[in-house]
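Please examine the structure shown here together with its sequence.

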Amino acid sequence: MKPKKEIKKVVFQSAEEMPTMPMSIGNMLWNKTGSWRNIRPEIRLEDCIQCGICWKFCPDMSIEIEAEWPVVNYDYCKGCGICAEECPAKCILMVEERK
Amino acid sequence: MKKVIMGNHALSYGAMLSRSQVIAAYPITPQTQVVELLSEMCADGTLQAKFIKVESEHSAMAACIGASAAGARAFTATSSQGLALMHEMLHWASGGRLPVVLGNINRAMAPGWTIWTDQNDSLSQRDTGWIQFYCASNQEVVDTVIQAFKVSEALAIPSMVVLDAFALSHTYEVVDIPDQAKVDAYLPPFNPPYRVTPDDPRAFGGLTGPEHYMELRYKLQKDMEKVPEMIERTGREYETTFGRYLGLVDDYLCDDAEIILVTSGTAGYTARVAVDEMRDRGLKVGNLRIKVFRPFPFEIVRRLTQSAKKIAVVDRNISYGHHGIFAQELKSAIYGHGGYKPVFGFIAGLGGRDITPASFREVVDTTISHERSEEEIVWIGVKK
């Protein structure tokens with residue numbers, strides 16, 4: 001796995017140094033949208049068949065494969081439930097968030 | 001090569017000669033032939049482009065935005081209700097700094113349901129950050145599409161090339177179709193500094209906080225301010241290659257005119273017939289046809305109206321509760337530059353009602369016989 005990028009807020013000091021189009025200013029590194037989540041996916045790895053479908057279907061790229069096993073990135077997962085719906089082994093449970 | 005073609009096909013030829021790489025459009029009267037011909041060109045190989053069929057104008061513009069972000073030259077065409085449906089995506093194209101070119105056939109907005117011309121569809125998109133060209137002949141349409149791509153790509157701002165429904169879209173005229181090799185030399189392939197590519201992954205149009213948003217808009221305006229000079233320069237370059245100058249405005253006998261008729265679109269050429277008649281009667285009348293509406297060509301409009309005593313603006317559009325839209329713009333352009341000069345605002349030709357030389361005679365008679373306009377709007381040809 002690639003090392004994670006350092007989390008640093010970019011603030012340009014002048015219009016000139018900014019790109020012409022609103023592009024890649026790295027805001028999502030610090031704007032962690034996982035806090036929007038109401039239900040969270042929990043993967044029962046003992047039933048996982050390592051097919052990679054959850055990783056492929058996640059619309060927010062919030063499932064990473066680490067050492068061949070899926071791991072949810074809760075910093076960005078919004079709890080849409082697509083991974084649980086698509087999992088052929090039915091090993092992903094959507095669990096109510098408790099705050 | 002000269003051909004007799006309709007205004008809609010002039011747009012198609014412009015897009016073809018510009019070597020558009022992606023075309024996504026949804027048919028709407030009176031625009032349909034634009035994409036009909038382009039789809040045939042794509043099918044028979046005349047144009048090497050991806051033709052994307054979509055289910056709405058919103059999706060047509062979205063497809064062009066995606067294509068342009070990926071570095072492809074993208075073209076679409078629409079009209080009236082279709083342009084209104086694109087509205088959200090028009091902001092995405094300009095805000096994303098994507099040089100899409102769009103042909104819009106001016107058709108009045110419903111209801112009452114209508115297919116005939118007026119300018120309220122495109123002028124409702126005034127503040128979306130698009131360059132707007134208003135054409136008056138089929139020749140100008142072909143030439144302007146090619147120039148629009150050049151200007152748009154140089155400054156990363158999208159362009160709208162606008163023509164009147166039926167008065168131009170379905171009217172056949174002789175058009176000198178520019179030579180492809182010369183167009184290629186004038187308009188090199190689109191090569192944006194950034195594009196969506198796996199080789200250099202980037203996020204486009206992402207969350208932009210108050211610390212950055214304003215600078216992006218400042219940069220768009222600053223680049224918009226460079227458009228007039230760019231149009232004049234590329235217009236001269238076009239003249240060198242093809243023998244036709246493409247400028248911000250088209251002025252006719254304005255130098256010594258006491259009254260200047262300000263028009264746009266095909267009404268401009270009708271105005272000239274009236275100007276010639278009035279000159280024969282000894283009246284010093286001229287015509288200033290405004291071709292580029294956004295950015296508004298302040299400097300040249302001020303210069304050309306400088307010596308006139310009165311200005312009569314004929315609008316084929318209306319901003320309800322205010323005036324005709326070109327009349328407002330004219331007033332804002334001359335305000336604070338020299339003494340008081342009456343600007344008469346006329347509204348004519350809404351929903352495809354004809355604007356004839358007689359309409360302009362009425363406009364000039366009213367302008368001559370009044371020191372200032374009695375009403376904010378003088379209606380021409382309305383059954384009061």
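The paragraphs below treat the domains, a sheet, its helices and the contact between the chains.

This is a predicted model, in which local features need pLDDT of at least 70 and side-chain atom pairs count only at pLDDT 80 or more, while totals for chains, interfaces and linings use all residues. Residues are numbered from 1 along each chain as its sequence is written, and chains are lettered from A and ligands numbered from 1 in the order in which they are written.

Chain B is divided into domain 1 (2-242) and domain 2 (249-379); such bounds come from an automatic or database domain assignment. The centres of the two domains of chain B, taken over C-alpha atoms, are 28 Å apart. Domain 1 of chain B brings 26 residues to their contact and domain 2 of chain B brings 21, where contact requires C-beta atoms, placed from the backbone, to lie within 7 Å. On the domain 1 side, α5 (120-123), β6 (131-134) and α9 (227-242) of chain B each supply at least two residues, and β6(B) gives the most, with four. Helices (H or I, at least four residues) and strands (E, at least two) are DSSP runs, numbered from the N terminus. This side of domain 1 of chain B has 16 nonpolar, six polar and four charged residues; Ala, Val, Leu, Ile, Met, Phe, Trp, Tyr, Cys and Pro count as nonpolar, Asp, Glu, Lys and Arg as charged, and the others, Gly among them, as polar.

Chain B also holds an open sheet of six strands with mixed pairing, in the order β9-β11-β10-β13-β14-β15; strands pair if DSSP finds at least two bridges between them. Its edge strands, β9 (249-252) and β15 (378-379) of chain B, each pair on one side only. Strand β14 (residues 343-347) of chain B runs parallel to β15(B), joined by two bridges; Phe346(B) has Val378(B) as its bridge partner in β15(B).

Helix α10(B) lies across β9, β10 (259-263), β11 (285-290) and β13 (310-315) of chain B, at about 170° to β11(B). Axes are lines fitted to C-alpha atoms, for helices over the stretch in contact, and angles run from 0 to 180 degrees between N-to-C directions. Helix α12 (residues 325-334) of chain B lies across β10, β11, β13 and β14 of chain B, at about 150° to β13(B).

Helix α10 (residues 267-280) of chain B also packs with helix α13 (residues 357-369) of chain B, at an angle of about 60° and with axes 8 Å apart.

Finally, the contact between the chains takes 18 residues from chain B and 13 residues from chain A. The chain B side comprises seven nonpolar, six polar and five charged residues.

Note on methods
Two residues are in contact if their C-beta atoms, placed from the backbone, lie within 7 Å.
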